[in-house]
Amino acid sequence: MNRSKYPSTLQIEVTENCNHNCFYCYNHWRTDDPSKNKMSVEDAKKLTFILDEEVRPFGVTITGGEPMMNLPAVLEIAKGNIKRGFSLNSNLTMLGEEKLNSLLETNSNFGILASLPHFESEKFENIVGVKTLPKFYENLKRITENGIKVTVNMVTNKLSKDSVYEQGKFLYEEFGIDSFAATPALKPSMRKMNGKDDYCLSNEEVAKSLDDLLRLKKDFGMDVRVLEVIPPCSLPEHLRGKFDNSCTAGRSTIQIGYDGNVRSCGRSPYSEGNIFKEDFSEIWERLDSYKLNKYIPDDCKECAEVYVCLGGCRFEDMQEGDLMNKKDSRMTTPLENRVKREIIGQVNEKTEYVIGLNSTRKEEEGHSIYYAGKTLRVNQEMKNFIMEKRNGFRIADFPEEYREKASSVAEMLMKGGFLYDKK
């Protein structure tokens with residue numbers, strides 16, 4: 001079985017509470033009582049020790065609910081991840097100057113995924129239920145002025161589906177935001193939906209929002225993306241391969257709740273164990289069914305693109321009694337042929353390249369896993385090449401008899417998204 005000993009990334013939910021009440025929130029069971037359902041400072045401190053000793057992730061994301069509703073736990077986790085760094089998922093409306101300064105003083109090695117449901121006041125308030133948009137803009141301006149990397153995510157739904165391009169353009173022109181996501185709302189698990197509250201987009205509407213993202217990329221050079229898996233079969237042919245995401249639940253990522261319960265992802269209603277009560281290795285082994293792809297729907301197994309989406313979201317619209325291999329409701333029919341994807345680029349012998357890897361971890365004898373937003377498993381020979389050349393190399397600088405092999409290695413790194421032009 002090809003499996004990592006540890007997850008590559010994880011999310012830490014420091015609270016279920018939130019100052020917004022978005023109608024598409026998948027934490028629909030939350031209490032919104034700030035005194036309840038939040039991680040204590042003592043547990044946050046204990047968790048950072050467990051991460052270093054047992055879990056060993058490359059990346060950590062602090063999330064909620066709205067994590068700024070539990071700043072003490074956020075600061076404790078930030079303090080315990082100075083070398084590793086972290087990402088913060090926030091709606092920004094509570095991340096004012098004082099809290100931002102506390103974060104920067106504790107650990108300035110972080111980026112932010114900011115949630116903006118809509119850039120216009122009326123629609124924003126219809127979605128979140130409160131008038132906090134001015135606070136979002138005020139805090140976003142301060143954050144960008146401090147040089148913090150921000151990606152803004154817009155959860156697209158029936159109310160916002162026609163505003164993707166306009167919102168991205170506004171953020172780019174007014175705040176210099178060059179990384180923008182438009183992620184379709186998914187039907188949450190364990191909640192029945194009907195015609196009155198079915199805010200999710202049709203496949204055709206999703207395709208329209210993705211076309212708008214590509215327009216933003218073309219017109220402004222923005223880095224555009226979606227943050228959830230979209231089954232390729234649900235998209236028109238011209239969009240397949242443009243927004244590839246795989247289901248990473250239980251395979252390379254997990255979520256740890258405020259109480260220590262571990263879930264395969266934030267959408268899962270099922271606890272796989274408690275990190276404060278048992279060894280993490282036992283919990284991680286319990287997730288082997290995900291790693292072995294045992295939950296891929298039967299209808300997907302012959303699809304030529306199943307290796308990309310891995311069967312879609314396992315918890316989209318999951319109801320009590322559903323099997324784990326149920327179909328994602330967005331799926332259509334299996335694809336007969338692989339999608340032809342754009343070639344990322346060709347290695348030029350005279351170009352100086354750097355290898356974008358920010359961490360390493362030994363998994364087994366002779367192999368290591370590297371991370372740069374993605375993971376890369378290598379043997380000892382490959383590891384030696386990376387460590388020697390990671391800060392810069394040219395194929396032309398190799399002796400002639402080694403250039404062909406060096407070029408092959410560089411092409412593999414480029415295809416994986418690990419190789420960058422140094423300039």
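The structure is a predicted model, in which local features need pLDDT of at least 70 and side-chain atom pairs count only at pLDDT 80 or more, while totals for chains, interfaces and linings use all residues. Residues are numbered from 1 along each chain as its sequence is written, and side-chain values use heavy atoms, with hydrogens and water left out.

In soluble globular proteins, nonpolar side chains tend to be buried together. A nonpolar core is here a set of buried Ala, Val, Leu, Ile, Met, Phe, Trp, Tyr and Cys residues joined through side-chain atoms within 4.5 Å; buried means under 20% relative accessible area, exposed over 50%, and partly exposed in between (1.4 Å probe, protein chains only). The largest such core contains 96 residues, and those with the most contacts inside it are Ile12, Leu95, Ile112, Leu116, Phe180, Leu210 and Leu213. Helix α7 (residues 203–220) gives the most to this core, namely 6 residues. Helices (H or I, at least four residues) and strands (E, at least two) are DSSP runs, numbered from the N terminus. Leaving aside neighbours within four places in sequence, Leu210 is in contact (heavy atoms within 4.5 Å) with Val226, Ile230, Leu235, Leu239 and Phe243. Another core lies apart from the largest one; this core has 20 residues, including Leu357, Ile386, Val409 and Met414.

Next comes a pair of helices. Two packed helices are described by the angle between their axes and the distance between the axes. The axes are lines fitted to C-alpha atoms, for helices over the stretch in contact, with angles from 0 to 180 degrees between N-to-C directions. For α1 (residues 41–55) and α2 (residues 71–79), the axes come within 9 Å and cross at roughly 20°. The two helices are therefore roughly parallel to each other (angles under 35 degrees count as roughly parallel, over 145 as roughly antiparallel, 65 to 115 as roughly perpendicular and the rest as oblique). On the α1 side, the contact is made by Val41, Ala44, Lys45 and Thr48, and on the α2 side by Pro72, Ala73, Glu76 and Ile77.

Helix α1 also has a buried side, made up of Ala44, Leu47, Thr48, Ile50, Leu51 and Val55. The elements covering these buried residues include β1 (9–13), β2, α2, β8 (253–256), α8 (280–286) and β11 (359–364).

Thr63 lies in strand β2 (residues 59–63) and, at 8% relative accessibility, counts as buried. Not counting residues up to four places away in sequence, Thr63 touches Gln11, Ile12, Glu13, Val14, Thr15 and Asn89. Arg142 sits in helix α5 (residues 133–145) and counts as buried at 18% relative accessibility.

Finally, the backbone deserves a look. Most residues other than glycine have a negative phi, and most peptide bonds are trans. A cis peptide bond, with omega about 15°, joins Gly64 and Gly65, and Gly65 lies in the loop between β2 and α2. Asn37, in the loop between β1 and α1, has a positive phi of about 50° although it is not a glycine. Just after α1, Arg56 takes a positive phi of about 55°. Phi of Asp317 is positive too, near 60°; this residue is found in the loop between α10 (306–309) and β10 (353–355) and counts as partly exposed at 24% relative accessibility.
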